[in-house]
Amino acid sequence: MNNRRWRSVHGYSSGFTLIEVMVALIIFAVLSVTLLTRMGDNIRAEHHLETKTIAAAIAENTLTEMRIKKEWNAVVNKKETVEMAGTDWLVNVVVSDTPNENFRKVDVKVGPETSSSVESSIVTLTSYIGKY
């Protein structure tokens with residue numbers, strides 16, 4: 001009994017020191033900040049991929065509609081707004097001549113409607129449509 005009292009009075013008791021606890025908290029804080037930063041990056045990347053996938057689907061749908069209609073497309077520059085996945089998208093279709101008179105080059109550029117300029121399109125899809 002007397003021996004136990006002597007150890008606690010003279011610093012032989014078990015447990016963590018204040019320095020050890022502070023170092024552990026600093027390590028935990030640094031790891032937490034790193035993890036939260038990575039999670040934020042992943043969320044932004046997921047949003048960008050989702051947006052790009054939807055824009056690509058709209059561009060594919062636009063080209064498919066043009067092929068199904070089988071109309072010989074005149075050289076034209078057309079803009080329209082399409083709603084998909086709860087968002088309005090600006091679709092810019094440019095039909096241009098090719099050296100072969102039986103084909104037209106079709107460029108479809110898709111971006112969110114908030115970005116009214118063509119340069120801010122997310123997806124650009126180019127295809128050729130034949131006359132016959």
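Here is a conversation about how the terms used for this predicted model follow from its values.

Trainee: What should I keep in mind about the model and its numbering?

Mentor: This is a predicted model, in which local features need pLDDT of at least 70, side-chain atom pairs count only at pLDDT 80 or more, and totals for chains, interfaces and linings use all residues. Residues are numbered from 1 along each chain as its sequence is written, and side-chain values use heavy atoms, with hydrogens and water left out.

Trainee: What makes up the secondary structure of the protein chain?

Mentor: Two helices and four strands, in the order α-α-β-β-β-β from the N terminus on. Both kinds of element are DSSP runs numbered from the N terminus: helices are H or I with at least four residues, strands are E with at least two.

Trainee: How do you know that β1 and β2 pair?

Mentor: Two strands pair if DSSP finds at least two bridges between them. Strand β1 (residues 76-84) and strand β2 (residues 87-97) have nine bridges, in the antiparallel sense. Among the partners, Thr81 is bridged to Leu90, and Val76 stands opposite Val95.

Trainee: And how do β2, β3 and β4 pair?

Mentor: β2 and β3 pair in the antiparallel sense over nine bridges, with Asn92 of β2 partnered by Lys109 of β3. These two strands form a hairpin with five residues between them. β3 and β4 are also antiparallel, over eight bridges, and Phe103 stands opposite Gly130 in β4.

Trainee: Why are β1 and β4 described as standing at the edges?

Mentor: The four strands form an open sheet in the order β1-β2-β3-β4. β1 and β4 each have a single partner strand, so one side of each is left without a neighbour in the sheet. The twist averages 20 degrees from one strand to the next; such angles run from 0 to 180 degrees between N-to-C directions, with axes fitted to C-alpha atoms, for helices over the stretch in contact.

Trainee: Where does α2 lie relative to the strands?

Mentor: α2 lies across β1, β2, β3 and β4, running at about 15 degrees to β4.

Trainee: Why is Ser127 called buried?

Mentor: Buried means under 20% relative accessible area, exposed over 50%, and partly exposed in between (1.4 Å probe, protein chains only). Ser127 has 10%, so it counts as buried. This residue lies in strand β4 (residues 123-130). Over the protein chain, 20% of the 132 residues count as buried.

Trainee: What makes the Ser127 and Arg67 pair a polar contact?

Mentor: A polar contact is a pair of N or O atoms within 3.5 Å; within protein, one must be able to donate a hydrogen and the other to accept it, and residues adjacent in sequence count only if both atoms are side-chain atoms. The side chains of Ser127 and Arg67 make theirs at 2.3 Å. Contact as such means heavy atoms within 4.5 Å, and Ser127 touches Leu63, Arg67, Arg104, Lys105 and Val106, not counting residues up to four places away in sequence.

Trainee: Why is Pro112 partly exposed?

Mentor: Its relative accessible area is 21%, so Pro112 is classed as partly exposed. Pro112 is found in strand β3 and touches Asp88, Trp89, Leu90 and Ile122, leaving aside residues up to four places away in sequence. Pro112 and Asp88 are 24 residues apart in sequence and 6.4 Å apart in space, C-alpha to C-alpha.

Trainee: What makes Ala85 worth a look?

Mentor: Its phi is near 55 degrees, a positive value in a residue other than glycine. Most residues other than glycine have a negative phi. Ala85 sits in the loop between β1 and β2, in a hairpin with two residues between the strands. At 57% relative accessibility, Ala85 counts as exposed.

Trainee: Which residues have the most contacts inside the largest nonpolar core?

Mentor: Val93, Val106, Val108 and Val110, in a core of 15 residues. α2 (18-69), β2, β3 (103-112) and β4 each give two or more residues to this core, and the largest share, six residues, comes from α2. A nonpolar core is a set of buried Ala, Val, Leu, Ile, Met, Phe, Trp, Tyr and Cys residues joined through side-chain atoms within 4.5 Å. Among the residues that Val110 touches are Ala55, Ile58, Trp89 and Ile122.
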